[in-house]
Amino acid sequence: MDATKFSTFFGNVPTFTIPGRTFPVDTFFSKNPVEDYVDSAVKQALQIHLQPNEGDILIFMPGQEDIEVTCEVLAERLGEIDNAPQLSVLPIYSQLPSDLQAKIFQRSPEGLRKCVVATNIAETSLTVDGIMYVVDSGYCKLKVYNPRIGMDALQIYPISQANANQRSGRAGRTGPGQCFRLYTERQYKDELLVTTVPEIQRTNLANTVLLLKSLGVQDLLQFHFMDPPPQDNILNSLYQLWILGALDHTGALTPLGRQMAEFPLDPPQCQMLIVSCQMGCSAEILIIVSMLSVPSIFYRPKGREEEADAVREKFQVPESDHLTYLNVYNQWKTNNYSAGWCNDHFIHVKAMRKVREVRQQLKDILVQQKIEVVSCGTEWDIIRKCICSAYFHQAARLKGIGEYVNCRTGMPCHLHPTSALFGMGFTPDYVVYHELIMTAKFSRKMTERIEQRYCIKFCQKLGEDAMGVTQIKEWFNRFKDGRTSAESEQRCGRPQTARSAAVVERVRNLVMADRRLTVREIAEEVGVSKDSAHAILCDDLNMNRVAAKFVPKLLSPEQKDLRRDVAQDPLDTANTDPGFLNTVITGDESWVYGYDPGTKRQSSQWKHPESPRPKKARQVRSKIKMMLTVFFDVRGIVHHEYAPEGQMVTKEYYHDVLRRLRDAVRRKRPDMWTANNWHLHHDNAPAHSSQLIHTFLAKHGITTVHQPPYSPDLAPCDFWLFPKLKTPLKGSHFESREEIMRNATTELNTIPKEDFQRCFRQWKDRWAKCVQAQGAYFEGD
């Protein structure tokens, strides 16, 4: 705590410092910057363990994934050392079951050293006796709210100097100790903030704004905060409260807003609870809101992930994650709130007990507000409508294969793998979501499937970005007449036009599956003219070609901001570290075709005065094709291979490709392999961004250079390598797959080293152009 700031804020009041009882701690900094903090932490822990000195070890890691990898690598390395003393490796993080968390407090047998791998929960929240050595990775996870897209991003950030001092102090609680910091002293003094960024500056302020409004504060932008939050956060919170009806057009608190301020919940949950009383389902919504107030109730113990997933699937309600939570609570209640039942079903019993406490507190507030708690029984559609009434501003519609876009902002996102709707067999046209989290893709957590008619009642207030009044009235009249769908009836008496909704959807699915298809290929596949296919792509789907891939013609402001931000990070790294691009290996897949110059030319000897002019010979792709996967760096091709016939690029196939890539790096780039300082760049294809791939990369300590979505112009394979490879193959006729492989490999091997170096310089220039253009598409090199 910064005591001086508090003293100044409250009128220079006197402060009293009460020192704690600590022992001296020797601090050791790393001599050189560390590239892989997991590997360095493992090496440092083994060095400490192999010394004869007594004392347990505490390793600080950013999150659960790093902790699990650290424990796994530590056990693996220790097993490779002959006659090494035993070491008890114990993880500790919030999602770990309580019985496993309690193991870190148990005293180890005589002669057995304990190594605790923890998140920053071990900085202040708990003290472990016997810790004499601390290994500080220098990183932690912070949740940062982005008001532009309404998303909390839990990302890894460097710790502050205050965090570092707090971590080193853990080594001196029970005796003199040592702290090993995996960063240099210069980094500590020049790059780490003095204190952590205050939470009020990086969180959603809707609840805080509602509280201040209820206390009579009118001008929030002029309010004297100790740490003023960004103005965008306050304005976004005011807008959200206005949408929910908590504020009127003048910014004053409405009766609904005053009622919402009585609940210690996020504003949408407050409104959902109040509306549920009018709809007659307050008992069920009370449980759902309580379940949303605690961290995840499910856990997946290491080594039993599949068993835990199978048990979790038994609770899932296909229409909704919220109803899944309601189902879990009801079954727990049926089993007399049993702790054993929770353990058998991989559910945190402490979290469920907390849910029960929160439910009772909220019920007391409802009684105090003279609101009746009633149940809707088995009419769960009422619950879904109630959820939609509170989260209608977070509605998303289906666009393409498995991709949704927010109806108001256009933000692209995908179903979270843990959602009940994920892998359901069919994809709902509309969903509302409770939380947007950042993974390799934008994902929606806690998803509620909704019918189109559920959107109508609550979407009119959103203004220009929502459905028009005419559209709403048209849908209303259809449902009034007894229709069950908002889709237009098919016309009879004449065939459908080429640009019907079904044809547009087929074209959309083709493009989403392979963005490198030509307009002619799309037209032939769908069975329409080339002009119709072009019109569908440009007018109906609003797409254009960039670096041989179809992308949105007009990017939304959020998509531009995302492109700019993602391009800014590697550009800053490349500017500060001239050798950064030398350590990047980039790759992608593409079809390699043979071209058949087969004739469409009319013979001139058949021509007579009335005959049309000879048709121009055109090239068409032959049916023989190969899927090529290639990786290269600034020195040339590192690895390439061709997929077997009929093999698509799935996550399992790509996992095997990466294993062979690691072997190629070891053989062809021994300097990068030894230093373990190479970075992987690939695009956001589903196979590349699966959990299987993330786990593989984390396990082997491979860091990635992020690729923004809709950005083939920022991918070297798309804007340089594949066009360069396919140009000389154009017009050649190949009789077999082997001939394609032979010719494509020859072309790859003949590319000079200077061209690869020029490509990486162009890549850096394209990052700069993207940032300069504020994320918009730019002219090529």
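Here, buried means under 20% relative accessible area, exposed means over 50%, and partly exposed is anything in between (1.4 Å probe, protein chains only). The model is a predicted one, so local features need pLDDT of at least 70 and side-chain atom pairs count only at pLDDT 80 or more, while totals for chains, interfaces and linings use all residues. Residues are numbered from 1 along each chain as its sequence is written, and side-chain values use heavy atoms, with hydrogens and water left out.

Salt bridges come up first. The term covers a side-chain nitrogen of Lys or Arg within 4 Å of a carboxyl oxygen of Asp or Glu. Counted that way, there are 25 salt bridges. One of them pairs D39 with R77, whose closest N and O atoms sit 2.6 Å apart. This pair links distant parts of the chain, with D39 in helix α2 (residues 37-49) and R77 in helix α3 (residues 64-79), 38 residues apart. Helices (H or I, at least four residues) and strands (E, at least two) are DSSP runs, numbered from the N terminus. As for accessibility, D39 is buried, at a relative accessible area of 16%, whereas R77 is partly exposed, at 27%.

Helix α3 also holds E65, which links to K141 in strand β6 (residues 139-146), 76 residues away. The side chains of E65 and K141 form a salt bridge with an N to O distance of 3.0 Å. Both ends are partly exposed: E65 has a relative accessible area of 44%, and K141 has 23%.

R635 lies in the loop between β17 (620-633) and β18 (636-642), and D671 lies in helix α25 (residues 670-675), so the pair ties together parts that are 36 residues apart in sequence. R635 counts as partly exposed, with 33% relative accessibility, and D671 is partly exposed too, at 44%. Back at D39, salt bridges with shared partners join D39, K43 and R77 into one network.

Backbone angles give two further details. N83 is not a glycine, yet its phi is positive, at about 55 degrees. N83 sits in the loop between α3 and β3 (87-92) and is exposed, with a relative accessible area of 81%. N676, likewise a residue other than glycine, has a positive phi near 50 degrees. The place of N676 is the loop between α25 and β19 (679-681), where N676 is partly exposed at a relative accessible area of 25%.
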